[in-house]
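User: Could you take me through this model, starting with the ligand and then turning to one residue elsewhere?
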Amino acid sequence: MSTVVLVTGGSGLVGKAIEHVINTEPESSRFGKRPGEKWVFANSTEGDLKDPVQTEKLFEKYKPTHVIHLAALVGGLFKNMKYKLTFLRDNTLINDNVLHFSHTKNVQKVISCLSTCVFPDKVTYPLDETKIHDGPPHESNFGYANAKRMVDVMNHAYKEEFGCNFTSAIPTNVFGPHDNFDLEDSHVIPGLIHKCYRAKQNNTPFAVSGTGKPLRQFIFSYDLARLFIWMLREYDDVEPVILSVGEEEEVSIKSVADKIVKTVGFQGEYKFDSTKADGQFRKPASNKRLLTLMSQNKNEQQFKFTPFDEALEYTVKWFVENYNKGARIGKVA
Ligand code: NAP
Ligand code: GFB
């Protein structure tokens, strides 16, 4: 039987990265396409996954054997703070429909995408896969985080009642080409790249939201894409896997902003707007389980993450080259 991999959310940051990797890695290599395999990258124009009728039609159209489920209402700290119910409801509906039709249409395997913000706010660090349900998530994104947490609960319930092979991946903050570079609603790296670029163009100050003190771990979207493909090929357990760089790679927002200033080549006034929220102070996650699992395959080399500075330079270059050619820059005054 042939393999059809349906990637929901295929037009987004992570979906585009998986498409890039699957089309550029050597065929049949660890992260490359396999013979006879068909990959489908669906976006919302193919069907609104909040709607069960449209979701069922998508599954009937492509008859996927495997699903990488990325589609979600996504946004940075400020969008999450503004639309808590919408994040909760839209993502709950999307996830319920995708898992329900994956089950009823006999999909062999589903990997759904969570986020390290699903973890409790008050918890011992580093985060690991055992701690997801140990307390409430940070209040800034409790709508999104609770909807995403429920995927792990559903995965276990689908396994226990129906024997489904559903699991989840938990990435840290992601960045790369095809990100959402909107000035208000985006995540910090694409938001600051766009703000810094505009400050340079317009000779205006570059304002970073918050104090710059919070810490984050960032993963380059192409690295994350490889890890999703690894999970699809080599991981068959319901328990989630954190997909992250090492704990020692945690960086402050200020240091990220400094690097963006340097990479964009901005030389004007640069300031922090501490009237704006900082969000969760930190959420360092351990990638120990990921590296242990990946190293079980003795035929393959150890996974190498792209150095942060290199990935940031690549992303800034992509943004500048695509600014007038379809990059998601949102509304610009
Ligand atoms: P993104 O760039 O905003 O892309 C979202 C994707 O979901 C798009 O393809 C979008 O389609 C699709 N989508 C949204 N609502 C939909 C709906 N109702 N029906 C069908 N498709 C819908 O997001 P991303 O950053 O790639 O995120 C991918 C996954 O990674 C998400 O599950 C997210 O929660 C997770 N994640 C992201 C980050 C991060 O830092 N970005 C961190 C951790 C986890 P259209 O293009 O047609 O709107
Ligand atoms: O990427 P971000 O929004 O995600 O980063 P979170 C927020 C941090 O960057 C805060 C600072 O400390 C902000 O004060 N920051 C500085 C900015 N300038 C900006 C800017 O221009 N835009 C943004 N967005 N932040 C999101 C969650 O949290 O991370 C989501 O809300 C999701 O649910 C995602 O899980 C991965 O790490 O704070």
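User: How many residues surround ligand 1, and which are the closest?
Analyst: This is a predicted model, in which local features need pLDDT of at least 70, side-chain atom pairs count only at pLDDT 80 or more, and totals for chains, interfaces and linings use all residues. Residues are numbered from 1 along each chain as its sequence is written, chains are lettered from A and ligands numbered from 1 in the order written, and side-chain values use heavy atoms, without hydrogens and water. Ligand 1 is surrounded by 28 residues (a heavy atom within 4 Å); the closest are Ser11, Ser44, Tyr144, Lys148 and Arg328.
User: What lies 2.5 Å from an oxygen atom of ligand 1?
Analyst: A polar side-chain atom of Ser44 does. For Ser11, a polar side-chain atom is 2.6 Å from an oxygen atom of the ligand. The protein covers 87% of the 900 Å² of accessible area that ligand 1 has on its own (Shrake-Rupley method, 1.4 Å probe).
User: Which helices and strand each supply at least two residues of the shell?
Analyst: They are helix H1 (13–24), helix H5 (142–162) and strand S6 (173–175); helices and strands are DSSP runs, of at least four residues (H or I) and at least two (E) respectively, numbered from the N terminus.
User: Changing topic: is Phe101 buried or exposed?
Analyst: Phe101, in helix H4 (residues 84–104), is buried, with a relative accessible area of 7% (buried is under 20%, with a 1.4 Å probe and protein chains only).
User: What is Phe101 in contact with, leaving aside neighbours within four places in sequence?
Analyst: Phe101 contacts Pro52, Thr55, Glu56 and Phe59, where contact means heavy atoms within 4.5 Å. Phe59 is 42 residues from Phe101 in sequence, with 7.1 Å from C-alpha to C-alpha.

Conventions: A polar contact is a pair of N or O atoms within 3.5 Å; within protein, one must be able to donate a hydrogen and the other to accept it, and residues adjacent in sequence count only if both atoms are side-chain atoms. Buried means under 20% relative accessible area, exposed over 50%, partly exposed in between (1.4 Å probe, protein chains only).
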